[in-house]
Amino acid sequence: MSLRDFQRALTSLTLDVGFANAVYAGGIDALAAYELSPLEARRLAAVTRQPGMSLNCTLARANRFATIHAVFAMTCVLLGSELRSVLDELWSGRLPDNVQLQGEERPFADLVQRRIMAEGAASLSQHLPSILAYEWACMELAQLVRHSVHPDLAPRESRWVAFSSDPEPVLAALQRGQQPATDLQSGDYRVRITLIDGDLETTTFEVPPDMAGDAAPRQEIVGADAFRAPPTTPDPVVSK
Amino acid sequence: MTERPRPGVGVLFNPALIDFVQSHAAALDHLVVMPDRCWSDPGPGSPHRFEELPAAVAVVERALGQRTLAMHCIGLSLCSAEVFDLPYVDQLAAWRRRFGCAWVSEHLSFTRVGAGHEVNASMALPVPYDHEVLELLVPRVLEVQDRLGCPFLLENNVYYIDFPEQEMGEAEFLNRLMQRTGCGLLLDLHNVYTNAVNHGFDARRFLRSLDLDRVVEIHVAGGEPMMGFHTDSHTGPVAEGVWPFLEYVVPHTGMLRGVTFEFHESSWPMLHDAGVLAQLERARGILRDHAARPLQVA
């Protein structure tokens, strides 16, 4: 029992900076929830005072974040200084349960979506709903490739995402890790992401103002049923 | 007298190397794959363990017959007090048979706690070098070797924290474990370098105290500074300070099969084909110049 609890406590110290700080401040008493020998308790209290414990906590967070960043790199850029609080909230109620750190994507996307609904996209970034939906769509399509026996023969599928300004400069800036320019002209655009021969191809369409009402409302694409393709797609009017 | 295999050079496969492996087949004597990156594993209790990812498996299949294959695992968590994942071991054994892997390796660390509902530490954590841990590991290593049916290697750990009052030093612990189980050592020289830099010990003295006759594979890699530490991030080329250790170790090994360069795929823009080839060529040169021991063993 003792070694088991020692490892459980060390894991908690690694995943929970708050707990590590509590042991740092309170010493052995803060480890009372674990069945530890006096030596094990001394060891754990000692490591919380070592700089290496801070590095361990950072590396564990970095490893968890890597799985999120692999899918939502542009969303993370748009979140900017908000990203840390999003991750803190995400991980405060959630522990990784597998070696591949699978399963972080959906909770992350759900949480960002809730933040958008609660705070309004404008207070975070006007591009956030579109980029979140765009990256989710790319992930869905990429998974078709990943699990396909013949990636080049993966089913030809598409996803549509609505943008409220020209997607191309927005995507280009974010792919460089930069915030998009603030003076982009607003409009009604659709991006079609298509899986072709195992690769993702993106095409941008602009919907003229006089046809905007006929197109699928933006909320259907990135609203309550977020991250799903709309039931109907707009006719491409202007292809870029 | 039987002739033991002449040690060669290879890479730990990552997705950036898909084309490299095909284009530079002659530069690689062996290829090490991480099976955990070739399948999806939500963990014990899931009905969907070890679902293979066809694109990743295809890389392994293409390498078949061209060169020696070996597996390097990250998912067993052999040192977990409450987890000994025999279905995972059986999956490794099935892959070992299927792909004819020459050896299989794992880390001397733990990532998994919590029987029933597991928690993953998100990084490899060290264990104290105590008799209690040794007694935990000996029967497990014997069991794993028995199921695998091939040499099983344990890798010396990298650690950023240092437990006080340990009953043994790292070298003594490794030597005892190898002595009692017959397992081999995957000597990660960048881990030794990293630990020596961060904890201020003499790496050569550490290496001298290891039973180098048990070394089957050597890892070389690079790292980078972070928060006042040198980290084992596998960034870029091999750290310059690692090469002298390789020169020192190679003549003292008796079972060495290969030197493996490992790097993270995000470092590919720093390396490209030429950078990877340069690491392999340098390692090959050291093997050629320093493998002074006769290659005949009884």
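Predicted model: local features only at pLDDT ≥ 70, side-chain atom pairs only at ≥ 80, totals over all residues.

Student: How many residues does H6(A) have, and what does H6(A) reach from its first C-alpha to its last?

Tutor: A span is compared with the one expected at 1.5 Å a residue. Helix H6 of chain A, residues 105–119, has 15 residues and reaches 21 Å, close to the expected 21 Å.

Student: Which residues of H6(A) are buried?

Tutor: Burial is a neighbour count: 20 or more other C-beta atoms within 10 Å make a residue buried. In H6(A) these are A:Phe108, A:Ala109, A:Val112, A:Gln113 and A:Ile116. Seen down the helix axis, the buried residues fall within an arc of 135°, so they line one face of H6(A). The face turned away from that side carries the exposed A:Arg106, A:Arg114 and A:Ala118.

Student: What covers the buried residues of H6(A)?

Tutor: The cover includes H4, H5, H7 and H8 of chain A.

Student: Which residues of H8(A) are buried?

Tutor: Among them are A:Leu128, A:Ile131, A:Trp136, A:Leu141 and A:Val145. Helix H8 of chain A, residues 128–146, has 19 residues and reaches 26 Å, close to the 27 Å expected.

Student: How many residues does the contact take from chain B and from chain A?

Tutor: A contact is read by side: chain B gives 36 residues and chain A gives 38 residues. On the side of chain B, H2, E8 and E9 each supply at least two residues, and E9(B) has the largest share, six residues. By class, that side of chain B has 20 nonpolar, nine polar and seven charged residues.

Definitions and conventions
Residues numbered from 1 in each chain as written. Chains lettered and ligands numbered in written order. Contact = placed C-beta atoms within 7 Å. Helix = DSSP H or I, 4+ residues; strand = E, 2+ residues; numbered from the N terminus. Nonpolar A, V, L, I, M, F, W, Y, C, P; charged D, E, K, R; others polar. Expected span 1.5 Å × (residues − 1). Buried ≥ 20, exposed ≤ 12 C-beta atoms within 10 Å, placed from the backbone. Arc of directions from axis to C-beta.
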